[in-house]
Amino acid sequence: MTQSPERRGWLGVISVSLGSFVLVLSEFLPIGLLPNIASDLGIGIGTAGLLIVATAIAAAIGAPVITVVSSRIDRRYVLWSLMVLLIIADVVGAMAGSFALLLVARVLLGVTLGAFWAIGAGIAGRLVAAPQVIKATSIITAGVSVATVVSLPLGSLVANLASWRLAFVIGAGLAVVALVGQLILLPSIPSSSRVAFRTFGGLFRVQRARVGLIATAFVFLAQFTAYTFITPYLEDLVKVDTSTVTLALLVFGIAGIAGNFAFSVALSRNLVGTLLFGKILLAVAIVLLPLLAWTVPGVFVLLVVWGFVWGGMPLGMQTWMSTAAPGVAEGSLAMFVTTIQLAISGGSIVGAVTLGLGGYGATFTVSAVIAALGFVTLLVLGRSGSSRAASAPAAPVPVTTGAVAVPCP
């Protein structure tokens, strides 16, 4: 029986969501196993931490490069290729007999991760009707939230029952499932525009794109300045045991899933207002955590608020960037991914420095201040950028539009 285009589009969205789940699971699963990896390969834990840095840097570079190189290719073929690359990365990781080879595997994963979020995360506008784009995008990004929740207990199970290599085997197996799903469910998605490297420079001349990138940098910098150290905060300042830490992070992740879908409704009604509300709530929740460390229930309430807001903020900023420059949504999202990866790395560094200088209070306060700066940026510049969204021309962005005209999400 022939499927309607609408039904085929939603099935395609689900298959891309499965890909996002597997990618983030492959990224997060080994992170909790760094001590096991370091011990098995005979390296220090600090050296093992380079696996995380390498993934982030590769994603920051891979997003714009793959977007440019593949801009004339049917997006379906690109997404299939990324799943194949993910399988290769996980297989190489599982078989790696040296740190150098494992580093190569994580670089491959980073390239895949960056390219997927530049191309796959914005694909909803090509699969469903315009009024349903934000909802469809929230389904794709839900894969991230679910993977974040699942990766913690699954990583713990792997550490207790088997070798760390099993994490990569699991990732490869699920990537095969995702690939098969996309082979079956994804319709043809012809390239609609040509993206060149000069496109990225042109984006900074479009106010809406410029504001979006600055606001994105602030929110991810704030998030990872604090979140990088959430586990030691719970252990050292709140003084809870390991099982309570696991429960707290699980609650954070579940709240994030709820926030992802709640924001999808709010964003479709008022994009700027929802983002402003999210940024200020993020700042308030983070700054109160050290002050309420004496009460475990209070900390859990703040973690629910934090997780809920964080579940929706990436979706909100992605929605902003996907409409920032008409005609070059993928170019906008590529720069969005690069900005995120650099902000994640920067946030971890800022958090480490402030933690050494002033403890958790200083770290969480600085994180809240950064989030507040993002709020101010969006408050001052965002509304004017939003009002120009419909008329923001693609002319400042040097790009050759393809023959197939498809509305931007």
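## Helix 15

Helix 15 spans 39 Å from its first C-alpha to its last over 27 residues, close to the 39 Å expected at 1.5 Å a residue. That expected span is 1.5 Å times one less than the number of residues. Helices here are DSSP runs of H or I with at least four residues, numbered from the N terminus. Buried stands for under 20% relative accessible area, exposed for over 50%, and partly exposed for what lies in between, with a 1.4 Å probe and protein chains only.

A word on the model: it is a predicted one, where local features need pLDDT of at least 70 and side-chain atom pairs count only at pLDDT 80 or more, while totals for chains, interfaces and linings use all residues. Residues are numbered from 1 along each chain as its sequence is written, and side-chain values use heavy atoms, with hydrogens and water left out.

## Helix 13 against helix 15

Two packed helices are described by the angle between their axes and the distance between the axes. Helix 13 (residues 242–269) and helix 15 (residues 296–322) have axes that come within 6 Å and cross at roughly 40°. Helix 13 is therefore oblique to helix 15. The axes are lines fitted to C-alpha atoms over the stretch in contact, with angles from 0 to 180 degrees between N-to-C directions. Angles under 35 degrees count as roughly parallel, over 145 as roughly antiparallel, 65 to 115 as roughly perpendicular, and the rest as oblique.

The crossing of helix 13 and helix 15 is right-handed. Sorted by class, their contact has 18 nonpolar, 10 polar and no charged residues. In this scheme Ala, Val, Leu, Ile, Met, Phe, Trp, Tyr, Cys and Pro are nonpolar, Asp, Glu, Lys and Arg are charged, and the others, Gly among them, are polar. Helix 13 itself has 28 residues and reaches 41 Å from first C-alpha to last, close to the 40 Å expected at 1.5 Å a residue. Among its buried residues are Phe252, Gly253, Gly256, Gly259, Asn260 and Phe263.

## Helix 11 against helix 15

Helix 11 (residues 207–227) packs with helix 15 at an angle of about 155°, and the two axes are 10 Å apart. This makes helix 11 roughly antiparallel to helix 15. Their crossing is left-handed; that term applies if the near helix is turned anticlockwise from the far one by less than a right angle, and right-handed if clockwise. The contact holds 16 nonpolar, 3 polar and 1 charged residues.

Leu213 sits in helix 11 and is buried, at a relative accessible area of 5%. Leu213 and Gln318 are 105 residues apart in sequence, yet their C-alpha atoms are 9.9 Å apart in space.

Ala54 belongs to helix 4 (residues 50–69) and counts as buried at 15% relative accessibility. From Ala54 to Leu103 is 49 residues in sequence and 7.2 Å in space, C-alpha to C-alpha. Arg75 is in helix 5 (residues 75–95) and is buried too, with a relative accessible area of 1%. A polar atom of the Arg75 side chain lies 2.5 Å from the backbone oxygen of Ser70.

Most residues other than glycine have a negative phi. Lys239 is not a glycine, but has a positive phi of about 60°. Lys239 lies in the loop between helix 12 (230–237) and helix 13, and counts as exposed at 67% relative accessibility.

Technical notes. Helix = DSSP H or I, 4+ residues; strand = E, 2+ residues; numbered from the N terminus. Polar contact = N/O pair within 3.5 Å; in protein donor to acceptor, adjacent residues only side chain to side chain.
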